[in-house]
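I open this notebook to record what I looked up, entry by entry. The sequence and the structure come first.

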Amino acid sequence: MIEEMKSAPKGSEYDLYFGPAHPGSGNFGVKLKIDGEKVVSARADPGYLHRGFEKLMEYRTPIQNAVLSDRICILEPLNWNLIHAEAVDELMDIDVPERAKYLRVIMAELSRIQSHIIWYGVFSKGIGFDTGFKMAFGYRDYILDLFELITGGRVYPAGYICPGGVRRDFPKNAKEKILKVIDKINDMIKLEELENPSMDARAKGVGILKVEDAIRLGATGPVLRGSGMNTDVRKDEPYEIYDRLDFEVPIRKEGDAYARYWIGIEEMKESIKIVKQALENLPMGNVIVSNFKKPKLNVKIPEGEVYIRNEVARGEAAVYMVSDGGSNPYRCKIRGPDFLHMIPVLEYLLKGVQIADVPAIYWSLNICPADMDR
Amino acid sequence: MMKLGILPKLLKNLFSKPMTVRFPHESIPIPDRYRGEHAYDIDKCISCGLCAKICPNRAIEMVEASKKYKDTCPKTYPKIDIGKCCFCGLCEDICTKDAIRLTKNVFLSTFDHTNVIKYPMPKTEEQING
């Protein structure tokens, strides 16, 4: 108690709680120490969405874990499906069929586009541009319709990308529908690219993260690329079929919220390019290895350990899986990219800014409390 | 200064259809693969219990039939707790006899918590009273 009183703010300083009940902050809070209009210091307050996946996965078989891995990040479940499936494939030495690899990449990229649309939406909402929010969530639904058609669920694919391939092949009309949706997303990108005075006024020069600081604090993905570092796991260490695809990694030098917002738009364009290429070259054949066609109860994972890293929409995600030869993984460590974005990077960026800039910085980091708390 | 590029878009929006539909009167079609409420066929079921074993949330429990049905159904049958179900469809995939299927029914919200549990056969008074 005395300690608390000693550390209580003096004079004009006061505490401001941003979240966890703030609309849009997600299940996450930031305790801000404010002096007048200026943030003196910020302290992240995580833990509201902790579900303990790492422990839960130790009690489940690989196919059950595939279903569970959806929920690590609500906004991009298919990407997390992919990482988990790759880790099990590597441990069990499964040769994934060629068609399955293409389907995996198509679904992962659609998931990335959908996630970036949400990012644009909540960022617009954060800076007071409500049209962007409504537009983004309207267009996102077209992609959710696709997920519903292909996987059977709008948000949660329920382990669509599972160890050994994918659970079901595309339905007959899927290709035409994907191309139609991509046209709509192109319209949306055109709208996003229009000159936007509120974006210019609220995001330019706000929350500048220099590249040295970004590396020191452990930023990855769009945040690091917005600061000017050329890095992308899809290029650096290609997985699935990314080495055969032609795409670029967008980079911006400024390192402010506006640069990160543009990275999001440009990444969506690259993802569209990837989906189109993969659809063109889609081979025929099996979509899952024959002994995984029916979910199995007594699959033994061979002894060993594996570290798989992937590029998800928010940065570099990884799964470290250890098996002792049983049917459940012995240990499954999940690296969520947002853990570092939402604690060290956010605390660093919020120091010394105005209160009005807090939402713009917060949402420009492409946050997802779900994958931070896990 | 805002460019005038947005003007044609605005005019177009005035005359285009909205993105949403008026839900109770019309709805977007639900695809065949949709994972909704379970349909269980007791005649096809062989009581193997695979669905109960694969269920990640342990929503399925193999139960014995009540006294009324004991003569016709002597084995154990899956009792599905939809409140625990995550609609992953693993029970549908693992079933060798296609006894469990996931249907397109999405209207599952209820005010009565006893409706959440799906018994393999019609409920008897014995089960309702506990």
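Entry 1: I began with Glu267(A), which is buried at a relative accessible area of 2% (buried means under 20%, exposed over 50% and partly exposed in between, with a 1.4 Å probe and protein chains only). The model is predicted: local features need pLDDT of at least 70, side-chain atom pairs count only at pLDDT 80 or more, and totals for chains, interfaces and linings use all residues. Residues are numbered from 1 along each chain as its sequence is written, chains are lettered from A and ligands numbered from 1 in the order in which they are written, and side-chain values use heavy atoms, with hydrogens and water left out.

I placed Glu267(A) in helix 12 of chain A (helices, H or I with at least four residues, and strands, E with at least two, are DSSP runs numbered from the N terminus). Its side chain and that of His116(A) are joined by a polar contact of 2.7 Å. I take a polar contact as a pair of N or O atoms within 3.5 Å; within protein, one must be able to donate a hydrogen and the other to accept it, and residues adjacent in sequence count only if both atoms are side-chain atoms. Setting aside residues up to four places away in sequence, I listed His116(A), Pro222(A), Arg225(A) and Pro250(A) as touching Glu267(A) (contact means heavy atoms within 4.5 Å).

**Entry 2: a buried serine.** I found Ser227(A) in the loop between helix 10 (221-226) and helix 11 (233-236) of chain A. Is Ser227(A) buried or exposed? Ser227(A) counts as buried, at 6% relative accessibility. A polar atom of its side chain lies 3.3 Å from the backbone oxygen of Val223(A). Beyond four places in sequence, the contacts of Ser227(A) include Leu209(A), Lys210(A), Arg252(A) and Gly255(A).

**Entry 3: aromatic rings.** I searched the whole structure and noted 13 aromatic pairs over all chains. Rings of Phe, Tyr and Trp (its six-membered ring) pair if their centres lie within 6.5 Å; planes under 30 degrees apart count as stacked, over 60 as edge-to-face and the rest as tilted. Tyr120(A) and Tyr261(A) are stacked, because their ring centres are 5.9 Å apart and their planes are at 20°. Tyr120(A) belongs to helix 5 (residues 98-126) and Tyr261(A) to helix 12 (residues 257-280) of chain A, so the pair ties together parts 141 residues apart in sequence. Tyr120(A) is buried at 5% relative accessibility, and Tyr261(A) is buried at 6%.

I then looked at Phe133(A) and Phe137(A), a tilted pair at 4.9 Å centre to centre with 45° between the planes. They are four residues apart in helix 6 (residues 130-151) of chain A, so about one helical turn separates them. Phe133(A) is partly exposed at 23%, and Phe137(A) is partly exposed at 29%.

I also wrote down one aromatic cluster, formed by Tyr120(A), Phe123(A), Tyr258(A), Tyr261(A) and Trp262(A).

**Entry 4: charges over rings.** Lys125(A) lies over the face of Phe133(A), 4.9 Å from the ring centre. For this I required NZ of Lys or CZ of Arg within 6 Å of the ring centre and within 35 degrees of the ring normal. The charged end of Lys235(A) sits over the ring of Phe247(A), at 4.4 Å from its centre.

**Entry 5: where the chains meet.** How many residues does the contact take from chain A and from chain B? I noted 32 residues from chain A and 28 residues from chain B. About 2500 Å² is buried between the two chains, 57% of it given by carbon and sulfur atoms (buried area is the accessible area, with a 1.4 Å probe, that two parts lose on being put together, summed over both). Glu195(A), Pro295(A) and Leu297(A) supply 21% of the area that chain A buries against chain B, more than any other three residues.

Three salt bridges cross the interface of chain A and chain B (a side-chain nitrogen of Lys or Arg within 4 Å of a carboxyl oxygen of Asp or Glu). I looked up the salt bridge of Arg168(A) with Glu92(B), whose closest N and O atoms are 3.6 Å apart.

**Entry 6: an enclosed helix.** Eight of the eight residues of helix 3 of chain A are buried, so this helix is largely enclosed by the rest of the structure. Its cover includes helix 4 (77-92) of chain A and helix 3 (90-94) of chain B.
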